[in-house]
Amino acid sequence: KRCVFRDLDWVEREQADMPMCLFDAKSDDETSAVRAYIHSGEKAGYHLRYLTRMRRPWYKVEYRTPAPLLFGVFSRDKFKVVRNLSSAVNLTCFHGFCPNMFGSAYVDLLFLYFQSRAARRILSISMRRYGDGLDKFEPNDLNHALAPSFGWFDCFPRELLQAALDACGAGSGLPAGVDDYFSQLLKEISPSASACR
């Protein structure tokens, strides 16, 4: 499976008539079709559900910016991380990760890290486990998850970066050399070993 999502992927899904768009009524959209659509939602009782009850008006869509990394909330065997290169925003089946100004330069490296076997082992400490092999990321689980430091990422071989991103985008997965590079995180490192290898 490809784990990179681009605007072209969105267009392909829209052309295949997959459900991709949300109703987002603005205050100046007071057409009869909009009013009828809102009324049909009220007839179905959507305005009485927990989340919609808290909104004013109940059909208001939360404003979000596109998150560059998307984490699947639920998973089995292997959590899902998507590099979002599109202008699409996520719904509640994904947690969106938006870095601060210091972390924005490291998004691609974070994405590759999250694709690695090492990250899957390290982040499994922060996940909730439920019956039948179901794993779940709560938003705070991700906030407390461990990741390499900026300094460690700065040592990443730049010649591997684009090839690894291309391989993930093509659905080939993380190249073995890159996966091995991240496996160094699992080894015990002495406190004095802070230099790049």
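This is a predicted model: local features need pLDDT of at least 70, side-chain atom pairs count only at pLDDT 80 or more; totals for chains, interfaces and linings use all residues.
Figure 1. With a relative accessibility of 2%, Val178 counts as buried. Once neighbours within four places in sequence are set aside, the contacts of Val178 are Phe156, Leu160 and Ala164. Arg64 lies 114 residues from Val178 along the chain, and the C-alpha atoms of the two residues are separated by 32 Å.

Figure 2. The structure contains 6 salt bridges. One of them joins Asp179 to Arg117, with 2.3 Å between the closest N and O atoms. Asp179 belongs to helix α9 (residues 176-183) and Arg117 to helix α5 (residues 117-123), so this pair ties together parts of the chain that are 62 residues apart in sequence. Asp179 counts as buried, at 9% relative accessibility. Asp180 also forms a salt bridge with Arg117, and here the closest N and O atoms are 3.4 Å apart. This second pair likewise links distant parts of the chain, since Asp180 is in helix α9 and Arg117 in helix α5, 63 residues apart. The relative accessibility of Asp180 is 45%, and the residue therefore counts as partly exposed.

**Figure 3. The salt bridge between Asp141 and Arg128.** The side chains of Asp141 and Arg128 form a salt bridge with an N to O distance of 3.2 Å. Distant parts of the chain are linked by this pair: Asp141 lies in helix α6 (residues 139-143) and Arg128 in strand β6, 13 residues apart. Asp141 is buried, its relative accessible area being 8%. Arg128, in contrast, is partly exposed, with a relative accessible area of 38%. Elsewhere, salt bridges with shared partners join Arg117, Asp179 and Asp180 into one network.

**Figure 4. The open sheet of three strands.** An open sheet is formed by 3 strands in the order β3-β7-β6, with antiparallel pairing. Strands β3 (74-76) and β6 (128-129) stand at the edges; each has a single partner strand, so one side of each is left without a neighbour in the sheet. The antiparallel pairing of β6 with strand β7 (residues 134-136) runs over 2 bridges. Within this sheet, Arg128 stands opposite Lys136 in β7. The loop between β6 and β7 contains Asp132. Asp132 is a residue other than glycine, yet its phi is positive, near 60°. At 69% relative accessibility, Asp132 counts as exposed.

Figure 5. Strand β2 (residues 69-72) pairs with strand β4 (residues 81-84) in the antiparallel sense over 3 bridges. Phe71 is found opposite Val81 in β4.

Figure 6. Tyr50, Leu51 and Met54 make a nonpolar surface patch of about 360 Å². Tyr50 is part of helix α3 (residues 50-53), and at 55% relative accessibility Tyr50 counts as exposed. Thr52 is also placed in helix α3, but Thr52 is buried, with a relative accessible area of 13%. Apart from neighbours within four places in sequence, Thr52 is in contact with Tyr46, His47 and Trp58.

Figure 7. The peptide bond leading from Arg56 to Pro57 is cis, with omega near -10°. Pro57 is located in the loop between α3 and β2. Asp17 is placed in the loop between α1 (7-15) and α2 (32-43). With a relative accessibility of 68%, Asp17 counts as exposed.

Key: Residues are numbered from 1 along each chain as its sequence is written. Side-chain values use heavy atoms; hydrogens and water are left out. Patches are made of residues with over 30% relative accessible area and no salt bridge: like charges are joined within 9 Å, nonpolar side chains (Val, Leu, Ile, Met, Phe, Trp, Tyr) within 5 Å. Accessible areas come from the Shrake-Rupley method with a 1.4 Å probe; for residues, only the protein chains shown count as cover. A salt bridge is a side-chain nitrogen of Lys or Arg within 4 Å of a carboxyl oxygen of Asp or Glu. Helices (H or I, at least four residues) and strands (E, at least two) are DSSP runs, numbered from the N terminus. Buried means under 20% relative accessible area, exposed over 50%, partly exposed in between (1.4 Å probe, protein chains only). Two strands pair if DSSP finds at least two bridges between them. Contact means heavy atoms within 4.5 Å.
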